[in-house]
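This briefing covers strand pairing and helix packing in one model. Please look at the fold before reading the points below.

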Amino acid sequence: MLRVEDIHTNYGMSQVLQGLSLEVRPGEIVGVMGRNGVGKSTLMRSIMGLTPAKSGRILFDGNDISGMATHAIARLGIGYVPQGRRVFPSLSVREHLQVTARRGAGGAWTFEKMLQMFPNLAERLDQSGAKLSGGEQEMLATGRALVGNPRLMLMDEPTEGLAPLMVRELGRIVGALKQEGTSVLLVEQQLAFVLKYADRVYIVAKGRVVHQCLPAELAADAETKAQYLGV
Ligand SMILES: Nc1ncnc2c1ncn2[C@@H]1O[C@H](COP(=O)(O)OP(=O)(O)OP(=O)(O)O)[C@@H](O)[C@H]1O
Ligand SMILES: [Mg+2]
């Protein structure tokens, strides 16, 4: 469904992604792990066309999306939940969801179905984004991507800064995405979360994939965990 082929991405003189390749198959939850600053968010930004790759290709359903505008990439059916949520303080919950709602990207999601999954959002439609807790903001950022009706979700460190109860809630949501057949590329620092929900895992270091495995293999691989994840 998504194939990232040998991409190089830089910020000015600073080379961040240096030949990164990975793929996501239909219905898969794919974990991406790695230490701070290795380029995980830059990978997400390159897929969305926010910081386009300088070379290499990104294919979605076989179509080359590298070089396309971000809104056009979103319209093809890719939802993006950025690191840090990027909730707009001046917009209400309802306005956040109206801005991105659309039909026809081919996913299983409607506005109503999304609200059923997030009862907290349904109760707070007229509240300002700034008044939400961190967990509620993550739910809003996820709901905002889902109402675009994507077939692939990019989630960048969704559990960052969340209390254990909210992390479990988020796990429920990732499980629901999988059940609906929505694919997820999940950048995550919490090993336990990845081990629980991912079908496969890539480990990134210095801007490229250095290891790929099944969650159970990673759980048992003390050397890889120590070398690349510091756990
Ligand atoms: N807008 C930017 N301009 C210049 N350098 C940047 C920019 N954004 C990120 N970088 C640098 O690119 C490198 C990769 O950053 P990136 O945010 O992709 O890492 P990450 O793996 O997501 O890290 P984290 O786990 O902390 O979220 C870092 O060295 C970072 O300082
Ligand atoms: Mg990041």
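Helices (H or I, at least four residues) and strands (E, at least two) are DSSP runs, numbered from the N terminus. The model is predicted, with local features needing pLDDT of at least 70 and side-chain atom pairs counting only at pLDDT 80 or more, while totals for chains, interfaces and linings use all residues. Residues are numbered from 1 along each chain as its sequence is written, and chains are lettered from A and ligands numbered from 1 in the order in which they are written.

**Sheet**
- An open sheet is built from four strands in the order E2-E1-E4-E5, with antiparallel pairing (two strands pair if DSSP finds at least two bridges between them).
- Its edges are E2 (14-24) and E5 (63-64), each of which pairs on one side only.
- Five bridges join E1 (residues 2-11) to E4 (residues 55-60) in the antiparallel sense, and Arg3 stands opposite Leu59 in E4.

**Helix on the sheet**
- H1 (residues 40-47) lies across E1, E2 and E4 and runs at about 70° to E2; axes are lines fitted to C-alpha atoms, for helices over the stretch in contact, and angles run from 0 to 180 degrees between N-to-C directions.

**Helix pair**
- The axes of H3 (residues 93-100) and H6 (residues 134-146) come within 8 Å and cross at roughly 25°.
- H3 and H6 are therefore roughly parallel to each other (angles under 35 degrees count as such).
- Val93, His96, Leu97 and Thr100 in H3 meet Leu140, Gly143 and Arg144 in H6, contact requiring C-beta atoms, placed from the backbone, within 7 Å.

Methods. Angles under 35 degrees count as roughly parallel, over 145 as roughly antiparallel, 65 to 115 as roughly perpendicular and the rest as oblique. Two residues are in contact if their C-beta atoms, placed from the backbone, lie within 7 Å.
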